[in-house]
Amino acid sequence: RMAAAPPSYCFVAFPPCSRDGLVVFGKNSARPRDEVQEVVYFAAATHDPGSKVECTYIEIEQVLKTHAVVLSRPSWLWGAEMGANEHGVCVANEAVLTREPASESEALLGMDLVRLGLERGATAKEALDVIVALLEEHGQGGNYYEDGSSCHTFQSAFLIVDRNEAWILETSGKYWAAEKITEGVKCICNQLSLTTKIDAEHPELRNYVRSQGWWNGDSDFNFSEVFSLADDHLACCSGKESLEKQGGDVSAQAMIDVLRDKDSGVCVDSESFLTTSSIVSVLPQDPSFPCVHYFTGTPDPSRSVFKPFIFVDDVKLVPKVQSPSFGNDDPAKKIPRFQEKPDRRHELYKAHEWARSLLENDQDKGQKLMRIMLELEKQGLEAMEDILTRTEVLDPAEVVDLFYDCVDTELKFFK
């Protein structure tokens with residue numbers, strides 16, 4: 001059993017650390033090395049009263065209206081590692097271990113809660129309220145990996161961000177605490193980070209930990225100290241310093257650079273885990289500007305292109321970053337689960353596999369290809385910079401096939 005939680009990293013930077021009036025969010029998703037992540041878009045929708053929604057393992061009540069979302073997700077499951085909605089809310093989750101073993105019985109995965117928060121919350125606080133209400137009602141549990149031979153279970157932490165504020169939400173079973181952030185740089189990784197600054201919590205949290213004998217009620221209530229397995233809640237974030245060094249100038253590019261950094265450990269490439277996908281979002285605090293979300297859709301951000309996506313009506317779908325669908329024949333949907341592993345690679349993933357082997361095996365060609373990839377990315381970043389600094393309102397027609405075109409161009413280079 002992989003005892004350690006996968007070492008993903010999430011970041012948010014607010015002014016005064018980030019560039020004028022921008023909130024910058026980023027996450028590297030560390031997952032089992034061979035797992036494929038896809039980037040999928042779901043339009044806003046209305047649903048009949050009483051209808052249900054089938055999450056990864058369980059079915060729950062659907063709401064009357066869901067927001068448009070763009071998600072980066074392991075392609076065998078329903079939820080997401082990270083994503084954004086049309087209202088400029090971004091959510092990422094972290095698998096964490098606490099002194100309470102996570103439940104193996106199938107319930108909501110932390111990744112399902114990411115998607116549910118995005119589909120149902122128009123602000124960061126609304127998304128938080130959605131997540132904790134669903135946690136209370138359905139609990140969390142079930143296998144985090146597509147692995148038929150053993151069950152890997154974790155508790156969840158979340159970074160929930162909008163144009164005005166962020167919330168760090170940490171959970172153990174149905175119990176939770178949250179801290180609100182409105183300035184500076186914050187990082188969360190695969191261990192608990194909340195201490196004594198708690199801005200919202202489960203109403204029974206303190207009674208519960210007292211009854212377990214984990215806290216005597218006399219000392220300051222420190223969430224990480226009470227819930228962590230050992231003293232592993234002290235040092236977490238290696239990328240935080242790099243962002244703080246930017247001295248008030250954290251931009252999309254600075255966040256991308258931090259996510260690409262292998263020396264700091266933020267970009268994971270180990271025996272068990274790989275950064276299988278990454279996201280960077282730029283949320284202007286002025287609501288008249290659009291939010292821009294950059295996705296790689298491919299493993300290892302140091303060898304991937306961050307491609308921009310902007311929410312507009314009728315945004316063009318991008319099948320080339322979507323994994324094949326196996327419907328009800330999917331081994332992830334049959335009981336017992338995961339008896340076989342289908343080939344889930346999408347077109348961009350396959351092309352990128354070729355590029356990665358070139359980078360590893362042919363230095364000259366590899367470096368040339370890398371230069372082209374970074375040039376392509378730079379063009380996207382500059383075009384978005386232009387959109388975020390101009391005075392006239394964005395014409396949706398200009399960006400309706402933005403992400404589609406970027407993926408297409410990248411594929412052409414790999415061909």
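Student: What should I know about the model and its numbering?

Tutor: This is a predicted model, where local features need pLDDT of at least 70, side-chain atom pairs count only at pLDDT 80 or more, and totals for chains, interfaces and linings use all residues. Residues are numbered from 1 along each chain as its sequence is written, and side-chain values use heavy atoms, with hydrogens and water left out.

Student: Is Val318 buried or exposed?

Tutor: Buried means under 20% relative accessible area, exposed over 50%, and partly exposed in between (1.4 Å probe, protein chains only). Val318 has a relative accessible area of 9%, so this residue is buried. Of the 415 residues of the chain, 58% count as buried.

Student: Which residues of helix α6 are buried?

Tutor: Helix α6 (residues 252–259) is mostly covered, with six of its eight residues buried. They are Ala252, Ala254, Met255, Ile256, Val258 and Leu259. The cover over these buried residues includes β1 (9–13), β2 (22–32), α5 (239–245), β16 (273–284), β17 (292–295) and α8.

Student: How many residues does the largest nonpolar core have?

Tutor: In soluble globular proteins, nonpolar side chains tend to be buried together. A nonpolar core is a set of buried Ala, Val, Leu, Ile, Met, Phe, Trp, Tyr and Cys residues joined through side-chain atoms within 4.5 Å. Here the largest has 91 residues, and Phe11, Leu159 and Tyr294 are among those with the most contacts inside it. Helix α8 (residues 363–389) gives the most to this core, with eight residues. Apart from it lies another core, of 46 residues, including Leu71 and Phe273.

Student: What does Tyr294 touch, not counting residues up to four places away in sequence?

Tutor: Among the residues that Tyr294 touches are Ala252, Val280, Phe306, Leu381 and Met384.

How values were computed:
Helix = DSSP H or I, 4+ residues; strand = E, 2+ residues; numbered from the N terminus. Contact = heavy atoms within 4.5 Å.
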